[in-house]
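This briefing describes selected helices, loops and individual residues of one structure. The sequence and coordinates come next, and the notes follow.

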Amino acid sequence: MEDPGAGRAGRANGFVPVVTRVLGGHLDEGPEYATFRRRGTTDWLLIHTVSGAGGFGDADGGVVRAGPGDAVLLRPRVLHDYATAPGSTGWEILFSHFHPRPEWMPLLAWPQPLPGIGRITADGEVHRRIVAALHRSARAGRGALARAELFAVNALEEALLWCDTQNHLGARTDERVLRVLDHVDAHLAEPLDVARLAEVVHLSTSRLTRLFREHLGTSPQRYVEQQRLIRAKQLLDLTDRPVGVIAREVGWEDPLYFSQRFARFAGQSPTAYRNRDQGETGFA
């Protein structure tokens with residue numbers, strides 16, 4: 001099949017969807033798949049490649065290629081001229097036509113290899129999270145829940161937020177760092193030394209430490225301690241569990257050492273922090 005843009009003069013406009021807020025879906029097409037809309041649409045269009053490859057053309061003959069993990073964002077009124085890439089046996093995509101919330105606009109400032117056509121590449125865990133969020137958005141939009149559209153919008157927002165973590169125009173976060181952050185959050189009570197965290201993403205301890213300093217401005221050890229202390233504050237605020245129990249829940253076997261670290265973090269001991277407002281229980 002030819003690249004998008006070839007033979008454009010004789011092509012008719014394709015179906016133009018009517019979109020209230022969000023309209024998502026999933027397509028797994030063969031080598032002959034192509035869409036052409038001369039005037040684009042009034043909404044934004046996000047297309048994320050799951051497998052295979054596709055191409056997006058512009059009015060001047062330029063082409064943006066998209067493979068697995070590539071998300072392409074077409075702005076309103078931009079030519080829609082996309083198709084399965086030459087040589088590819090198929091193209092599996094998740095798509096979402098949407099009208100953005102005002103607060104989403106910073107999330108839509110993508111690098112543009114061609115005017116009006118943005119592209120972001122996501123690998124590994126971030127790619128999987130974008131795929132999962134777009135699937136949820138599409139399913140919610142087809143569902144019968146009373147607030148189905150809001151579920152669809154919220155899932156799409158999650159997909160855009162994950163795309164934003166890979167936007168080099170902003171603060172792009174290495175997906176290996178994101179995986180470590182998830183591991184820390186899920187295993188606060190367990191030993192979380194740098195060597196164990198490095199094993200999670202198959203890196204050396206020195207490489208992981210450099211990535212943390214580059215992306216978060218801190219070391220893995222300091223990040224783990226900060227998360228433990230933040231969680232401890234929540235438990236002191238919202239439960240009546242003894243301080244020693246809370247210490248173990250957030251990864252400290254020694255309550256005295258926990259109290260020392262907490263006092264340095266919060267400016268007072270765990271007991272004093274909990275009793276700071278005697279007139280309120282603080283429990284949810």
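A residue is called buried under 20% relative accessible area, exposed over 50% and partly exposed in between, with a 1.4 Å probe and protein chains only. Helices (H or I, at least four residues) and strands (E, at least two) are DSSP runs numbered from the N terminus. The model is predicted: local features need pLDDT of at least 70, side-chain atom pairs count only at pLDDT 80 or more, and totals for chains, interfaces and linings use all residues. Residues are numbered from 1 along each chain as its sequence is written, and side-chain values use heavy atoms, with hydrogens and water left out.

**Helix H8**

- H8 covers residues 255-266 and spans 16 Å from first to last C-alpha, close to the 16 Å expected at 1.5 Å a residue; the expected span is 1.5 Å times one less than the number of residues.
- Phe258, Arg261 and Phe262 are the buried residues of H8.
- Down the axis of H8, these buried residues fall within an arc of 100°, so they line one face of the helix; the arc is taken from the directions from the helix axis to the C-beta atoms.
- An α-helix has 3.6 residues a turn, so residues three or four places apart point the same way.
- Leu256 and Arg264 are exposed, on the face of H8 turned away from its buried side.
- At the N-terminal end, Asp254 caps H8, with a side-chain oxygen 3.0 Å from the backbone nitrogen of Leu256.

**Packing of H8**

- The buried residues of H8 pack against helices H6 (220-238), H7 (243-249) and H9 (270-274), where contact means heavy atoms within 4.5 Å.
- The axes of H6 and H8 come within 11 Å and cross at roughly 90°; axes are lines fitted to C-alpha atoms, for helices over the stretch in contact, and angles run from 0 to 180 degrees between N-to-C directions.
- H6 and H8 are therefore roughly perpendicular to each other, the term for angles of 65 to 115 degrees, with under 35 roughly parallel, over 145 roughly antiparallel and the rest oblique.
- On the H6 side, Glu225, Leu229, Ile230, Ala232, Lys233 and Leu236 meet Phe258, Arg261, Phe262 and Phe265 of H8.

**Helix H1 and Ile130**

- H1 has 19 residues and reaches 28 Å from its first C-alpha to its last, close to the 27 Å expected at 1.5 Å a residue.
- Buried residues of H1 include Val126, His127, Ile130, Val131 and Leu134.
- Among the elements covering the buried residues of H1 are strands E1 (22-29), E3 (44-52) and E8 (91-98).
- Ile130 is found in H1 (residues 124-142) and is buried at 1% relative accessibility.
- Leaving aside neighbours within four places in sequence, Ile130 contacts His48, Ala122, Ala159, Trp162 and Cys163.
- Ile130 and Leu94 are 36 residues apart in sequence, with their C-alpha atoms 9.5 Å apart.

**Loop residues**

- Gln166, in the loop between H2 (148-164) and H3 (175-186), is buried, with a relative accessible area of 5%.
- Beyond four places in sequence, the contacts of Gln166 include Ile120, Thr121, Val126 and Leu178.
- Arg77, in the loop between strands E6 (70-74) and E7 (80-84), has a positive phi of about 70° although it is not a glycine.
- Arg77 counts as exposed at 60% relative accessibility.
- His202, in the loop between H4 (194-200) and H5 (205-216), has a positive phi near 55° and is exposed at 71% relative accessibility.
- Most residues other than glycine have a negative phi.

Definitions and conventions. Polar contact = N/O pair within 3.5 Å; in protein donor to acceptor, adjacent residues only side chain to side chain.
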